[in-house]
Amino acid sequence: MLTICCLLGAASLHAQLSQTDGYSVDIITTRDGLIQSQVRAIMEDSRGYLWFGTHRGLSRFDGRDFTNYEPEEVEGALGGNFVSAILEDENGYVWFATDQGVSYFDGRKFTNYNTVDSLQKVLSILEDRKGRLWFGTQYRGLTLYENGDYHHKPFRWNDDAPKRTVHAILEDHTGRVWLGRDVGLFALEADGTIYPQFEGILPSPLKIYCMLEDSSHHMWLGTDQGAFFYDGKTFQQFDESDGIPDNTVFCMTADREGTIWMGTSEGIARVANGEVAPFRPQATDRQLDLQVQSAITDSEGNLWFGTEGGGVVRVTRSLFSTVDMQAGLGSQLAKSFLQTSDGDIWISTYDKGIGIYDGSRFVQHVTEADGLAGEDIGFSMIDSQGNFWFTSYTKGLTKYHNGQFQVFDEQSGLASNHTFCVGEGPAGQIWVGTDFGISILDGDQVGKHYTVDDGLIDNAIYQIKKNSKGEVWIGTPNGVSIFQDGTFTNHDTIGKNIITFLEDEVGRMWIASSQGLIHYNGEQFTTIRLDQRPSANNVVGMAFGRDGFLWLGTEAGVYRMNLLVYHLSGKVVLEHFTRSDGLPSMETNANAIFSDAEGNIWVGTTDGAVYCPEGVQKLNSRTLPRTNIIEVRSSLGQDWDKLGFSVERGTNLPQHLKIPFERNRIAFKFIGIDLENPAEVLYRYRLIGYEEAWSAPSQTTDASYSNLSPKTYTFEVKAANDAENWEIPSTTFTFQISPAFWQTSVFQVLMALLLLSIGVIIYKVLNARTKRRREEEQMKFKAEKLALEHQALYAMMNPHFTFNALQSIQYFILRQDKISANKFLSRFAKLIRQNLESSKSEFISLHEEVSRLDLYLSLEMMRFKDKFTYEVVVDASVDQHETKVPPMIFQPYVENSIKHGINPLDAGGLIRVHISKRDEDYLLITIADNGIGISASKKRRADRPQDHVSRGMQITHDRLALFAKMTGKQYDVRTEELRHPDGSVAGTEVTMLLPLHE
């Protein structure tokens, strides 16, 4: 692509020469890698490679690179210099006729037969339908190779020629073998005798160099007296009088359309529908007026001609007609196009000014001498007044009107001489885009300037376009600025390097950027990716065709988008035009797409300008590249014979490859052969067994893997010339990473058994230890539990409580209150019995615990002479008989309420015990009193030394903690002082949260 301010040159393997009648011509020479320029034989093998036989050895061509083979004094090298014929047999071996004999190539080395007398000076080779090889020689006639043996003597020649030269061998559709000799046409009969054919009909003597059977089974002969066509009944002769460049026809091939192409001693001719035409791309071009010795049509439809000293000529069908330096354009770097009212096309170039083309030739060239500001033209435009404008990258702007040129530059007031584009502003003024903002021409004077200080998104201005709404759209490296009503609105997120804009018939804007094609429907911007190749999404030029298509120039060829389909369905339908369609270069220059008044689409490339008619149809679908894995590299090396691996015939790839685990690295090299357009080939690959997903499409031709686990893998690769279509066959290579001895199944089974045995032993030892530890812990817990229960029982039955209880009984007796004494004694005895009984169980029912608590409270209420009352309430949702609690768990808190909260009161004490459920897993117990409160109790105890220390609450806390540790469940006990609204003490409340016992 030609960038806005500088040329990024591009070299190509094929130097485009010219075009004629829908064909493009490339010349391949030693500069491109061909081993030598005298090409006597051409052949395409089953893997897609082209082989060129020259006077100095062989060249194998994959569409991009050459591999050359020369005779050397080493084993396995080619046996001779001069290669006159090439053939691939049914086994994939490639045979070569050389000046020293016959050689064949098995993919690794050449095997030479240079000492067989009957194989000296071989000129032609044929493999017949039975798999036999026939060799035609210069002096010894015909030799047959069958079952590994050469046969020469059995052939009987029914002629008196002093030497038996066989230039050509042909097997026709019936299986008959024909020989083209120095003395005419011969055929091999069933009895093994070789007889002359058509004596008296064909001229005599007649030297036949080549033969061809076309798709209609008609025979063509290339001779020293022109070409002869035989339809099975009569012969028709074509010679110089019919248009063949020379009567000596060395080679022939038929293309896909059935046209017969002939190589002569002075160039190429075509025969189609009985009409002969010489193939001369330009009348002044003598490069194809060479002796053409060999010709083929490859599987993709390309024509290849080997010349005597001029290298190889490739001829392909073309949709585009070329207008380049050979046609008279001053430079190959066509940058922009204008069309005058009389139909002339003004083609601006990057370095040689402007060429004016009248449709058949260049009639004038415009340079600085004629008034141009500079000859490095990057952009041109015709304004609404009919003025022509041309920007120079270095010398300013040129206006052309009525045959007069006017230059605007920095001295005229422009912001910079580096001008990139020109457009019309809202009021019709000329806006000039430079590398330092926009300069506005009002008439012939430079007026206002706009830069980033005025609101522009960037100072480098690539495009200026006014739309139907009066908005001025400005393209820059950093996005789009839109000028309306004196204000710039910037869009810096839609894309970069905005090269050009187009507005369609309904006011939608189309934007060319380096991130793809951008569509603006008036509300939102949508980016359209043309291809998976990054270069394809660098859109540098656009033009509307007259048939509903949008033409797009990119760095990866030209695309044509169907706008009707897009607007109706939102689907992007694209056609891709490449070198195979006739483009001289894949790189389109910036702003170099143009649609003229006749509907022709013009494209400026880095290798000349081309045009094609509006509505042109793409050529037939291209043949898929043939994918070859050409190299497998491993850490073992690549000498497969030495390593003990057999190799696949023709590919030299190892069969049944096994790689040791310690050398588990492998790499692959591959190629997709596309002889039409190798630069377009993309690849995807994967290693089955390691990854299932395909790699992203790329032009990378190698892949490597390391640290592979032991198993069988299959490397799979595809090559395509369409980045969107991957439903194509793939090429595979299967190999194995061998496991280490410790990774084998036998070793793993043994190790598994050993580990299992060790594991069982360890398990038993640990299990025994764990069981013993658990038993010890249970014993410890049980001991602690018994001790705490004993302490709890002791707390319930402590001497102080017992003494007070007995004293109360004595008091009732002394008062002769036998009923009260009896009642107290009875309840006291019952309480003692219940305490003793409950101490035997870890858990008792809530009903038993509440009954005992009620009994205890009634005794205390009698003892304290009705100083307090109490109530014990159990919610109906709690099943008292089924709910289990540790015994003697509530009493210490109730005792504490009586002793420290209620006892200091004169009367009116109240103790409330409320039991309910919290969720489904916990029991909530609330013990509240209206005593003196926690603070007053602590102060009272501090002022009055205690003769008895109560440990009931601490023992209960310890019991609950042990219970939680044993069961893994949580418990909670909280005590808080209650307050009246006025802040005075209202008593004490204990909240206990116990997990329900399962």
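# Group meeting: a tour of one predicted chain

In the protein chain, the mean position of the 94 positive charges and that of the 129 negative charges lie 16 Å apart. For that count, Lys and Arg are taken as positive and Asp and Glu as negative, while His and the chain ends are not counted; the place of a charge is NZ of Lys, CZ of Arg, CG of Asp or CD of Glu.

Before going further, colleagues, please note that this is a predicted model, in which local features need pLDDT of at least 70 and side-chain atom pairs count only at pLDDT 80 or more, whereas totals for chains, interfaces and linings use all residues. Residues are numbered from 1 along each chain as its sequence is written, and side-chain values use heavy atoms, with hydrogens and water left out.

I begin with the overall form. The secondary structure of the protein chain amounts to nine helices and 72 strands; these are DSSP runs numbered from the N terminus, with helices being H or I of at least four residues and strands being E of at least two. The chain is more spread out than a compact globule, because its radius of gyration is 52 Å, well over the 30 Å that the globule rule gives for 998 residues. That radius is taken over C-alpha atoms, and the rule is 2.2 Å times the number of residues to the power 0.38. Along the principal axes, the C-alpha atoms fill a box of roughly 170 × 90 × 45 Å.

How much of the chain is buried? Of its 998 residues, 53% count as buried, where buried means under 20% relative accessible area, exposed means over 50%, and partly exposed lies in between, using a 1.4 Å probe and protein chains only. The accessible surface comes to about 45,400 Å², and carbon and sulfur atoms hold 47% of that surface; the areas come from the Shrake-Rupley method with a 1.4 Å probe, and for residues only the protein chains shown count as cover. As for contacts, meaning heavy atoms within 4.5 Å, residues 24 or more positions apart account for 53% of those with a separation of 6 or more.

I turn now to the strands. Strand 34 (residues 354-357) is covered on both faces: Ile354 and Ile356 on one side, and Gly355 and Tyr357 on the other, are all buried. Strand 33 (residues 345-349) is joined to strand 34 by four bridges in the antiparallel sense; two strands are said to pair if DSSP finds at least two bridges between them. Ile347 stands opposite Gly355. Four residues separate the two strands of this hairpin, and Gly353 in the turn has a positive phi of about 75°. On to strand 35 (residues 362-366): strand 34 runs antiparallel to it, again with four bridges, and Ile354 has Val366 as its bridge partner there. This second hairpin has four residues between its strands, with Gly359 in the turn at a positive phi of about 105°.

Strand 70 (residues 922-929) is joined to strand 72 by eight antiparallel bridges, and Leu924 stands opposite Leu993. Strand 71 (residues 972-979) also pairs with strand 72 in the antiparallel sense over eight bridges, with Arg974 opposite Thr991. Strands 71 and 72 form a hairpin with five residues between them, and Gly983 in the turn has a positive phi of about 95°.

Next, the helices. Helix 7 (residues 891-902) is largely enclosed by the rest of the structure, because ten of its twelve residues are buried; among them are Tyr893, Val894, Ile898 and Ile902. Ile809 belongs to helix 4 (residues 799-814) and is buried, with a relative accessible area of 7%. Neighbours within four places in sequence aside, Ile809 is in contact with Ala821, Phe824 and Leu825. Leu568, in helix 1 (residues 563-569), counts as exposed at 71% relative accessibility.

I close with the loops. The peptide bond from Ser204 to Pro205 is cis, with omega near 0°, and Pro205 lies in the loop between strand 19 (193-197) and strand 20 (208-213). Asp485 is a residue other than glycine with a positive phi, near 55°; it sits in the loop between strand 46 (479-484) and strand 47 (487-491) and is exposed at 75% relative accessibility. Asn497, in the loop between strand 47 and strand 48 (500-503), has a positive phi near 50° and is partly exposed at 30%.
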